[in-house]
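Here is a short report on one structure.

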Amino acid sequence: MNPDLDIADLAKRFKAQGRIQICNALHGNTAEFYRAILQQGTPWGLAWQVGAEGPKALRFAETQALSATDKQKIYQRAGEAVGRGEYGFIYNQYAMLTAYLEQWDPPHPLNRLLEHLNDQPFLNLIRQVTGVQSVIKAEAQATCFEPGHFLTEHDDLHSRDPRRVAYVLNLTIPEWKSEWGGFLNFFDAHGNIEAGFRPIFNSLNLFLVPQRHSVSYVAPFAPVGRYAITGWAMDP
């Protein structure tokens, strides 16, 4: 983590809204290293949900085995579900926690990142900024929202996992344009967007669970994907 962060100021800002975007969250070299890993060294699978069907996920080899027609059908069905007002998503995923526990690829750098996310510097940052002192662990997945990908409105509540604080560590290109989409949007009771966070490179978004939010559709003309590490800080 960046040692120059003003924790007291961040905590004050978080308390006002229950969410915050922290810029320059990591050392610059660390952020660049993991950006390169996500862009060039991650075996991406595909995750999606079509209304009440799902969620579903394929690993890299299974995703590569999909025909273009099969993949298009998944995109089409996910989009149709959203058109009916149902929950849906589609994006590239590397399930970091599962990969770590099942030892998919022990030397992979994302295994070390997961360990750092569960170490005290990161967990203490979350505790100090959010005021949620009970969190003791962090779940994580790597995500890449390519053109055509999206995640519709939801609140992150889960029947089994004691999720307290959600986080998004943005690691896409520094030149990401607003017109390309991929915003983390928050909604009020009327469905209006009351805050939107652009996926600024090396920014860490934190927000209390539950909050209604989404990742907006990534435009077809976006030249690269929206890379991030996402997950939750959780109670025992």
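Is Trp-180 buried or exposed? Trp-180 is buried, at a relative accessible area of 13%. Buried means under 20% relative accessible area, exposed means over 50%, and partly exposed is in between (1.4 Å probe, protein chains only).

This is a predicted model, where local features need pLDDT of at least 70, side-chain atom pairs count only at pLDDT 80 or more, and totals for chains, interfaces and linings use all residues. Residues are numbered from 1 along each chain as its sequence is written, and side-chain values use heavy atoms, with hydrogens and water left out.

**Aromatic rings**

The whole structure holds ten aromatic pairs. Rings of Phe, Tyr and Trp (its six-membered ring) pair if their centres lie within 6.5 Å; planes under 30 degrees apart are stacked, over 60 edge-to-face, and the rest tilted. Two edge-to-face pairs are listed here.

| Pair | Centre to centre | Angle between planes |
|---|---|---|
| Trp-176 and Trp-180 | 5.2 Å | 85° |
| Phe-186 and Phe-197 | 5.5 Å | 70° |

Phe-186 lies in strand 8 (residues 184-187) and Phe-197 in strand 9 (residues 193-197), so their pair ties together parts eleven residues apart in sequence. Helices (H or I, at least four residues) and strands (E, at least two) are DSSP runs, numbered from the N terminus. Phe-186 is buried at 0% relative accessibility. Phe-197 is buried too, with a relative accessible area of 13%. Trp-176 is buried at 2%.

Elsewhere, ring pairs join Tyr-87, Phe-89, Tyr-91 and Phe-145 into a cluster.

Charges also meet rings. A charge sits over a ring if NZ of Lys or CZ of Arg is within 6 Å of the ring centre and within 35 degrees of the ring normal. The charged end of Arg-19 sits over the ring of Phe-186, 4.6 Å from its centre. Arg-59 lies over the face of Trp-104, 3.7 Å from the ring centre.

**Core and strands**

Which residues have the most contacts inside the largest nonpolar core? They are Met-96, Leu-110, Tyr-167, Leu-204, Leu-206 and Ile-229, in a core of 40 residues. Helix 7 (residues 120-130) gives the largest share of this core, five residues. A nonpolar core is a set of buried Ala, Val, Leu, Ile, Met, Phe, Trp, Tyr and Cys residues joined through side-chain atoms within 4.5 Å.

Strand 5 (residues 137-145) is mostly covered, with seven of its nine residues buried. Strand 5 pairs with strand 4 (residues 88-94) in the antiparallel sense, over three bridges. Strand 5 also runs antiparallel to strand 12 (residues 226-234), joined by nine bridges. Two strands pair if DSSP finds at least two bridges between them. Ala-142 in strand 5 stands opposite Tyr-94. In strand 12, the bridge partner of Ala-142 is Ile-229.

**Backbone exceptions**

Most residues other than glycine have a negative phi, and most peptide bonds are trans. The bond from Val-209 to Pro-210 is cis, with omega near 5°. Pro-210 lies in the loop between strand 10 (203-208) and strand 11 (213-215).

Asn-24 has a positive phi of about 55°. Asn-24 is in the loop between strand 1 (19-22) and helix 2 (28-40), and is partly exposed at 48% relative accessibility. Asp-156 has a positive phi near 75°. Asp-156 lies in the loop between strand 6 (150-154) and strand 7 (163-170), and is buried at 8% relative accessibility.
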